[in-house]
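Work through the exercises below with the model in view. Try each task before reading its solution.

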Amino acid sequence: MKIIVCKDYDAVSKKGASIVKDAISMYRKPKLGLATGSTPEGLYRELIAMNQSGELNFEHAETVNLDEYVGIDSSNEQSYHYYMYENLFNHINIRPEHIHIPLAEGDRLDKAVAHYNAELDYVGRRDIQILGMGHNGHIAFIEPSDKLSLRTCVVELTPETIAANSRFFASEDDVPRQAITMGIKDILNTDTLLIMATGEGKAPTVKRLIEGKRLNTHFPASMLHLHTNAILLVDEAAYSLVEDVHE
Ligand code: F6R
């Protein structure tokens with residue numbers, strides 16, 4: 001895993017955007033994997049600026065998103081659909097039919113899972129996948145567990161994740177208890193994996209990712225070590241607890 005340490009959140013956002021640009025600008029039909037959450041918001045602002053200045057073209061780009069809450073309407077402001085349109089898609093020249101985000105609004109969750117796996121298979125291997133990490137090492141919505149799914153699945157959110165994500169909702173009770181998420185194999189199906197973490201709150205997670213020497217299903221981010229072109233992009237605060245960088 002290649003590690004890049006930048007000064008602060010803004011520097012991480014700029015560096016992340018330049019890595020994305022390098023990964024996709026040579027392709028007429030780039031394929032991007034996208035994440036939600038606070039971490040990539042600055043990177044998306046940079047991509048929007050690049051698109052609006054003509055530096056980066058999304059006209060033929062295809063995107064897939066990692067995850068979505070179950071039982072939340074896509075027009076709900078807390079949905080990841082809403083987030084993606086607000087933070088990126090409304091501001092770039094991407095075509096709506098090229099946007100793929102899992103959707104689990106009805107009661108046929110098995111259908112939603114099969115449908116998203118089919119969409120992922122249709123898009124195929126991405127050029128780059130952007131990824132954040134939860135404090136507990138979750139990636140996408142793959143929570144610590146005895147078993148991790150390879151493909152898209154529905155998961156129960158842990159109390160820790162519900163508490164962490166309650167900052168976006170009126171109260172903790174409003175946070176959905178389930179999510180639909182790509183599986184480990186889906187996440188790794190990309191030429192470049194860009195993992196971002198910023199702020200001192202993520203420092204223990206970054207330390208565990210870098211210093212942990214074993215795959216551990218109770219720390220899903222450890223699976224990212226399986227990728228041969230993974231880049232960990234962090235700011236100084238998130239890197240502050242790291243002592244041993246030898247793999
Ligand atoms: C979002 C996602 C999550 C977040 C993680 C970190 O699509 O899949 O795994 O990346 O919860 O969230 P932030 O960036 O808000 O700290």
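**Exercise 1.** Find how helix 1 and helix 2 cross, and which residues make the contact.

*Solution.* Start with the axes. Helix 1 covers residues 9–24 and helix 2 covers residues 41–52. Their axes come within 8 Å and cross at roughly 55°. Axes are lines fitted to C-alpha atoms, for helices over the stretch in contact, and angles run from 0 to 180 degrees between N-to-C directions. Helices (H or I, at least four residues) and strands (E, at least two) are DSSP runs, numbered from the N terminus.

Now classify the angle. Helix 1 and helix 2 are therefore oblique to each other. Under 35 degrees counts as roughly parallel, over 145 as roughly antiparallel, 65 to 115 as roughly perpendicular, and the rest as oblique.

Next, list the contact (heavy atoms within 4.5 Å). Helix 1 contributes Tyr 9, Ser 13, Lys 14, Gly 16, Ala 17, Ser 18, Val 20 and Lys 21. From helix 2 come Glu 41, Gly 42, Leu 43, Arg 45, Glu 46, Leu 47 and Met 50. Sort these residues: six are nonpolar, four polar and five charged. Here Ala, Val, Leu, Ile, Met, Phe, Trp, Tyr, Cys and Pro count as nonpolar, Asp, Glu, Lys and Arg as charged, and the others, Gly among them, as polar.

A note on the source: this is a predicted model, with residues numbered from 1 along each chain as its sequence is written. Local features need pLDDT of at least 70, side-chain atom pairs count only at pLDDT 80 or more, totals for chains, interfaces and linings use all residues, and side-chain values use heavy atoms, with hydrogens and water left out.

**Exercise 2.** Is Cys 153 buried or exposed, and what stands opposite Cys 153 in strand 8?

*Solution.* Locate Cys 153 in strand 7, residues 153–156. Its relative accessible area is 14%, so Cys 153 is buried. Buried means under 20%, exposed over 50%, and partly exposed in between (1.4 Å probe, protein chains only). Thr 181 stands opposite Cys 153. Beyond four places in sequence, Cys 153 also touches Val 113, Ala 179 and Ile 180, among others.

Three strands form an open sheet in the order 4-8-7, with antiparallel pairing. Strand 4 (67–69) and strand 7 stand at the edges, each with a single partner, so one side of each lacks a neighbour in the sheet. Strand 7 and strand 8 are joined by four bridges. Two strands pair if DSSP finds at least two bridges between them.

**Exercise 3.** Which strands pair with strand 6, and in which sense?

*Solution.* Strand 2 (residues 31–34) pairs with strand 6 in the parallel sense, over two bridges. Leu 32 stands opposite Ile 128. Strand 9 (residues 190–197) also pairs with strand 6 in the parallel sense, over five bridges. There, Gln 129 stands opposite Leu 193. Finally, check burial: six of the six residues of strand 6 (residues 126–131) are buried, so strand 6 is largely enclosed by the rest of the structure.
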